Amino acid sequence: MNLYTEEEKRIFNFLRQQNCCLRCCFRFVGCRTIDYFQDPVKFARSTGYIEAEHVNEVPCTACLGILQDRTQEQVVEKIYAKVEKQNYDSETFICALTIPVCISLREHFLHINCATQLNLSKDTLVSLKAKLQNIKDVWKWITIPKIEKAIKKQVDSATPSPFIIEIILRYAYNEKECDILLNAYKKTNNTENKGKRKCNDNRFSRTSIETLIAKITDEEFLQCFKAVISETIDTIYVENIMCTHSSIFIGGRYNKLSRELSQTPWFINGEKKMQTSVQDILCNPITEAVKAQSIKFLSSGREDVDVRNINSGRPFAVELINPQKTKITEKLLSDLVNEINRSSRQVQITSNLKVLSKIDLKTLKEGENVKTKFYRALCICRNVSRDMIPLEVLNNLKRVKIIQKTPIRVLHRRPLSPRERLIYEIRARWAKPQELKEFDITNENADAFFVLDIKTQAGTYVKEFVHGDFGRTKPSLCDILNAEIDIVALDVTGINLNWP
């Protein structure tokens with residue numbers, strides 16, 4: 001970069017007189033050489049812009065210290081402390097920097113003041129604004145290498161890295177300076193409330209500030225900011241450093257072998273009604289293993305508390321939010337399966353666990369609507385003898401269309417609406433004595449029970465298909481058999497989804 005034109009020297013020296021740091025002076029004259037920003041004193045001396053060996057820098061008028069060494073050191077120290085404390089194992093990172101919006105006001109003021117004091121032409125001013133290097137780009141050039149060295153991780157903006165370090169910088173007079181612009185706009189445009197609502201009083205966005213800047217003249221802007229720029233100089237400060245890792249998803253299939261277990265924690269009036277749940281049993285060990293901040297449990301449908309899920313199992317996924325341990329090995333996944341299966345007889349994982357991709361998650365979500373499901377129900381015929389129930393009629397049924405209004409039992413959490421569902425296939429047979437043992441049913445009463453194997457469209461309410469739900473499901477098994485039928489027990493025996 002050639003920094004030896006007289007005009008650039010004049011601008012550079014003027015900015016120095018306005019207490020701009022060397023890095024801001026370089027970025028205002030359009031410098032694009034990273035070396036200049038990494039060692040500004042050396043290159044300012046080599047270009048003849050300064051003569052002193054040591055530059056005693058006050059808080060910079062333009063960047064408020066963002067590009068100055070003292071603030072950078074504070075940022076790097078705080079990042080190191082945060083990453084060390086939380087012990088993230090990611091080998092890469094990216095940075096997100098949040099700076100006060102008043103920086104835009106100060107840059108605009110310095111451009112106008114420079115043009116006015118140095119009598120620059122309009123074209124020169126436009127060119128000067130176009131050459132300005134973005135403060136965040138310069139910050140990354142000079143600060144990220146220091147962060148890399150401190151935390152021993154490599155920046156990766158291309159992929160990008162799932163590990164994000166967010167740096168939030170604040171300035172004590174930011175609201176005051178934005179208010180000055182807003183008041184100038186109100187005075188010029190003779191408005192009071194409209195502008196205030198647009199900027200939400202003391203919460204200003206960069207877009208709203210740029211919009212207001214465009215609505216007042218350079219002369220008006222210079223006049224209202226001339227005093228405040230010098231009066232409110234103070235150093236920026238680090239308000240917060242936040243480290244987050246993007247979610248990891250782990251999934252598999254599970255069996256629920258209990259008829260007294262909810263799928264997710266069950267609270268009524270803030271009180272937990274059951275000691276544990278499918279979610280707790282599956283997710284707690286996984287959450288602990290990866291040190292996740294929180295989780296979301298996802299599954300392909302859900303079974304009621306009193307319904308078992310057997311055979312191949314129900315597909316599920318766990319979203320691990322902000323995990324600290326992200327190197328998920330096959331051994332870790334295998335150990336988690338063993339740990340979960342040893343810890344509970346109520347829930348068992350029936351497949352290998354897998355780290356899931358976005359395509360996997362899409363499959364799980366779409367499967368909620370397109371999959372077919374298989375059930376086995378133990379049913380009872382009431383007030384009618386066995387020989388009057390023509391079970392063979394059921395075995396000949398194919399693709400029976402039913403209309404189901406939202407069941408009474410779920411009306412408290414789902415809207416009332418009719419849904420059309422398909423019963424693809426039914427197989428019925430009378431129950432065997434050994435199948436009735438777990439329900440303490442004696443041989444004298446066994447004749448009234450039959451087993452129903454059913455293949456349905458996803459979203460079918462099988463319990464209501466059996467007993468009719470007071471006529472809310474049409475036709476129901478009661479309608480087809482012309483008898484009072486009730487359901488004693490229900491198992492999910494298969495979920496037709498290619499997973500995981």
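The following legends describe close-up views of a predicted model. Residues are numbered from 1 along each chain as its sequence is written, and local features need pLDDT of at least 70. Side-chain atom pairs count only at pLDDT 80 or more, while totals for chains, interfaces and linings use all residues; side-chain values use heavy atoms, without hydrogens and water.

**View 1. Crossing of helices α6 and α7.** The axes of α6 (residues 102-117) and α7 (residues 122-131) come within 10 Å and cross at roughly 150 degrees. Axes are lines fitted to C-alpha atoms, for helices over the stretch in contact, with angles from 0 to 180 degrees between N-to-C directions. Helices (H or I, at least four residues) and strands (E, at least two) are DSSP runs, numbered from the N terminus. The two helices α6 and α7 are therefore roughly antiparallel (angles over 145 degrees). H108, H111, C114 and A115 of α6 meet L125, L128 and K129 of α7, contact being heavy atoms within 4.5 Å.

**View 2. The open sheet.** Four strands are arranged in the order β2-β1-β3-β4, with mixed pairing; two strands pair if DSSP finds at least two bridges between them. The edge strands are β2 (154-155) and β4 (237-245). Strand β3 (residues 163-170) pairs with β4 in the antiparallel sense over 8 bridges, and M242 in β4 is the bridge partner of E166.

**View 3. Helix α8 on the sheet.** Helix α8 (residues 135-151) lies across β1 (92-98), β2 and β3, and runs at about 140 degrees to β1.

**View 4. Residues 193-202.** Here pLDDT, the predictor's confidence in each residue from 0 to 100, stays under 50. Where pLDDT is low, the predicted coordinates should not be read in detail.

Conventions
Parallel < 35°, antiparallel > 145°, perpendicular 65-115°, else oblique.
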